Amino acid sequence: AQPGVRWVSMAVLAGSAQPIAAMADYQWDVRPHAAWGAQLLAGAGPVAAGVRWWRGSTTQALGLAGSEDPTVRTASVELLARAQVTKWRSVQLFGIASGGRLAITYQPDHLTIDTGGAPIQVALPPLHEWVVGAGLALQVPLASRWAVALETERRMYALDTAHRIGNSVTFARETFGDWDTRVSVSRAWDW
């Protein structure tokens, strides 16, 4: 984008999300897993702001006989800001900052645990937390206002936790997050 030129772009996103290693303490599968989304940006020259929707999933191993390990789905809606850091020929490097709301849901969201007597019903309610992130994007223009970008971002959010230490349970609020790597294909229009 040229300085002073106003534009808007729409993009589809595909890539992977990887929960940080600390999530393994809660039996989350912390290997990279598929993620996808979309984003809408509006800008003037090399600076832009917009909104992004991003979704992924992993599993949480419960280790309970007769109970299915739930799928953990994450979905976020975030506001983002993007600014060009440098440019080499037609390749642009952008800094990205984002913030919004994250929803964590489970499927199934109810479990029945067989105790040998009356079964215990356990609900896994959705969690809603604030999420913030920062990252970098390399973008290359294609023909006719199309562009492709490779982005990497570190996002952070807080969750309430419970740990058994000896005969007591300790409750805390801990910071977690994920690493996101995505490819975006976008189309821009001047306005």
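1. A surface patch, as the word is used here, is made of residues with over 30% relative accessible area and no salt bridge, and nonpolar side chains are joined within 5 Å. The structure discussed below is a predicted model.

2. One such nonpolar patch is formed on the surface by Met10, Trp36, Leu40, Val51, Trp53, Val77, Leu79 and Trp189. Together these residues have about 780 Å² of accessible area. Strands β2 (33-44), β3 (47-59) and β4 (71-88) are the elements that give two or more residues to the patch.

3. Tryptophan 36, one of the patch residues, is found in strand β2. Is tryptophan 36 buried, partly exposed or exposed? Its relative accessibility is 40%, so tryptophan 36 counts as partly exposed; that class lies between the cut-offs of 20% and 50%.

4. Glutamine 27 sits in the loop between β1 (6-19) and β2. Because its relative accessible area is 43%, glutamine 27 is partly exposed.

5. Which residues does the cis peptide bond join? The bond links glutamine 107 to proline 108, with omega at about 5°. Proline 108 lies in the loop between β5 (91-107) and β6 (110-113).

Terms used: Residues numbered from 1 in each chain as written. Predicted model: local features only at pLDDT ≥ 70, side-chain atom pairs only at ≥ 80, totals over all residues. Heavy atoms only, no water. Patch = residues over 30% accessible without salt bridge, like charges linked within 9 Å, V, L, I, M, F, W, Y side chains within 5 Å. Areas by Shrake-Rupley, 256 points an atom, 1.4 Å probe, with all protein chains shown as cover. Salt bridge = Lys/Arg side-chain N within 4 Å of Asp/Glu carboxyl O. Helix = DSSP H or I, 4+ residues; strand = E, 2+ residues; numbered from the N terminus. Buried < 20%, exposed > 50% of the residue type's maximum accessible area, 1.4 Å probe, protein only.
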